[in-house]
Amino acid sequence: MVYSIKLYTQIIAKEAQRFFTYRVNILSGCLTALFMLGARYALWAALFAAGNAGQSSLAETMTYFVICDIIMIWLASSYGNTIGEDIRSGDIAQKLIKPCSYHLMLVSSFHATSMTSTLTRALPMFIIAVIFIGLLPPASVVTLFVFLLSVILGAVIYSLIDLIISYTAFWLTDYWCLSWFKRALFVLFGGLALPLWFYPGWLYEVCKYLPFQYTIYTPLAVYLGRIPSGQVVFSIALQLLWICILFLLERIIWMYAKHKMTVQGG
Amino acid sequence: MSQINLSEVTKDYKIRIRNNNRSKIADFFRPQYDIKRAVDNVNFSVEPGEMVGYIGPNGAGKSTTIKMLTGILTPTGGQVSVFGRDPCRNRKKNALKMGVVFGQRSQLLWDLPVQDTFELFKTMYKMEQGIFTKQRDRLVEMLDMSGFIAQAVRQLSLGQRMRANLALCFLHQPEVVYLDEPTIGLDVLVKERIRDFLKQINKEQGTTILLTTHDTQDIEQIAERLILIDNGQLLFDGGRESFHKQYQGTEFMIEIEFVNPTAELVHKNFRTHKVEGNRHSYWVPYSKMGRGEAISYVANDHPVADIKVSELGLEDILKNIYAE
């Protein structure tokens, strides 16, 4: 455990050091985030002005998207891309001969990216949004804590789904098509493109029975008070249930994947 | 118990065949596969401190064997054991006592100075600060790395990167080291330095080294024992000397340049290859006559300007074996 934490922090330190050697990276990341924010605002302001936005307010919708973007920096793990790339290039051989777990290395380097992105992209976006657009605060301090808990659970679900989809690269030896497929699943069922309350009733029902909305939509709905306080506990319980199911599935598939593995370039 | 032990090890790969006669759609829905046997019933064992050259043509199954020894590939059949353990089941445990260099890949952090990778490996391999510093300084000196240890990896030459990778591989004082073509693409001087380094570290620390290479000089200078594999099958396993004996053929050639034009020599052991004025060449069977004996027989009777005895070198031997 001590070993894992030491290695985790060291990998993060090295990655951060690497990131900050490229100053252009920082600037372009920051500008991209601000442009995206501006484009989003222009689109939704126009929609609300036309009166086509249903039962929501511009402030609520913008709050949804800004927080969504910030969370996605921590959620949208690139495990899939990394595993896919490692398999395609054969580098996975290098990583599997290390005395630490492959997953630990994956998590560490992903968190390193998230931390740097939080500083260079999320922070400027958040500040600009608070000053110029105005974001809704959480309903109460309790809501804030439940929201944070829900975000963490959502992140675990997201990573598990991501890993499960990535493992298929062991069979297909090419990952890119899957990466787009994964993205589409979250955009459609997870609430990445639209808050789910804009969906027609039947599609909303479908989403309920899939794990995707528990990654991003559930925490945001908690934050905005869209889930009645009586049902919040139920939502959290559902998140935990999905974690159990997906974790089991992930372990089973990883077992097969490890067994199946053929490193390219034998 | 040997340090490394393979018994009846076999590895099959499933390879997808793209049949041009079948329709693309049929191929997509019902792909056809072929089984390729990369390693076929291989047996050998290695004792601590041995320096083994693992040779064979491209695609012979060398890298596959190494991947099974490191525990990243599971054998289809047979048993692999390293340190008396199954390397697949004990991958992380074995990794602490093992070092690997894949000549075509780098373990270094691309954007950072070399020493940063060293520090990361210190944590990864659970090294104590004191031992780490001592070991690092020693490797830096042995491989002459002091000039570039603080430079970013992306600015290094291939030779510098290879030396850094080797140093990393030996940093945690592994008991067994697998080197997969460690001298590929390097110049003569760097190769020389690496060979000296490997010999020295093997002598001082008793590290077992298993290396694959296509450079016959590597084998001549480093490996005391040779294991030859072709098409997944073990063809030879033994000392370098006995390898030469087994494969160099039954005859050597003696080439003579006489001072004056001379008639063809007649001797029961000489088989004429070519006679042109004062330049002659003959085949002589090892079993009938030694090299010295043949030379003195020729030089005793005639004034000789030059004599050359040619035997098959390792390079020629391998060429013959691979071509078969």
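How many residues of domain 1 of chain B are in contact with residues of domain 2 of chain B? In this predicted model, in which local features need pLDDT of at least 70, side-chain atom pairs count only at pLDDT 80 or more, and totals for chains, interfaces and linings use all residues, side-chain values use heavy atoms, with hydrogens and water left out. Residues are numbered from 1 along each chain as its sequence is written, while chains are lettered from A and ligands numbered from 1 in the order in which they are written.

The domain assignment of chain B, whose bounds come from an automatic or database domain assignment, gives domain 1 (4-242) and domain 2 (248-323). Nine residues of domain 1 of chain B are in contact with five residues of domain 2 of chain B, where contact means heavy atoms within 4.5 Å. The C-alpha centres of these two domains of chain B lie 41 Å apart.

One sheet of chain B is open and has six strands in the order 5-6-7-3-8-9, with mixed pairing; strands (E, at least two residues) and helices (H or I, at least four residues) are DSSP runs, numbered from the N terminus, and two strands pair if DSSP finds at least two bridges between them. Strand 5 (98-102) and strand 9 (233-239) of chain B stand at the edges of this sheet with a single partner strand each, so one side of each has no neighbour in the sheet.

Helix 6 of chain B lies across strand 5, strand 6 (176-180) and strand 7 (208-212) of chain B, and runs at about 160 degrees to strand 5 of chain B. Helix 11 (residues 314-323) of chain B lies across strand 3, strand 8 and strand 9 of chain B, and runs at about 25 degrees to strand 8 of chain B.

Helix 6 (residues 158-171) of chain B also packs with helix 7 (residues 188-205) of chain B at an angle of about 10 degrees, their axes being 11 Å apart. The two helices of chain B are therefore roughly parallel, a term that applies to angles under 35 degrees. Gly159(B), Met162(B), Arg163(B), Leu166(B) and Phe170(B) in helix 6 of chain B meet residues of helix 7 of chain B, including Val190(B), Arg193(B) and Ile194(B).

Positive phi angles occur in two loops of chain B. Gln173(B), which is not a glycine, has a positive phi of about 50 degrees and is found in the loop between helix 6 and strand 6 of chain B. Lys126(B), likewise not a glycine, has a positive phi of about 55 degrees and is found in the loop between helix 4 (114-124) and helix 5 (129-142) of chain B.

A further open sheet of chain B has four strands in the order 11-12-10-13, with antiparallel pairing, and its edge strands are strand 11 (271-276) and strand 13 (304-310) of chain B, each of which pairs on one side only. Strand 11 and strand 12 (residues 279-285) of chain B pair in the antiparallel sense over five bridges, and they form a hairpin with two residues between them, where Gly277(B) in the turn has a positive phi of about 60 degrees. Glu276(B) stands opposite Arg279(B) in strand 12 of chain B, and Val275(B) stands opposite His280(B) in that strand. Helix 10 (residues 291-301) of chain B lies across strand 10 (251-258) and strand 13 of chain B, running at about 25 degrees to strand 10 of chain B.

Technical notes. Axes fitted to C-alpha atoms, helices over the stretch in contact; angles between N-to-C directions. Parallel < 35°, antiparallel > 145°, perpendicular 65-115°, else oblique.
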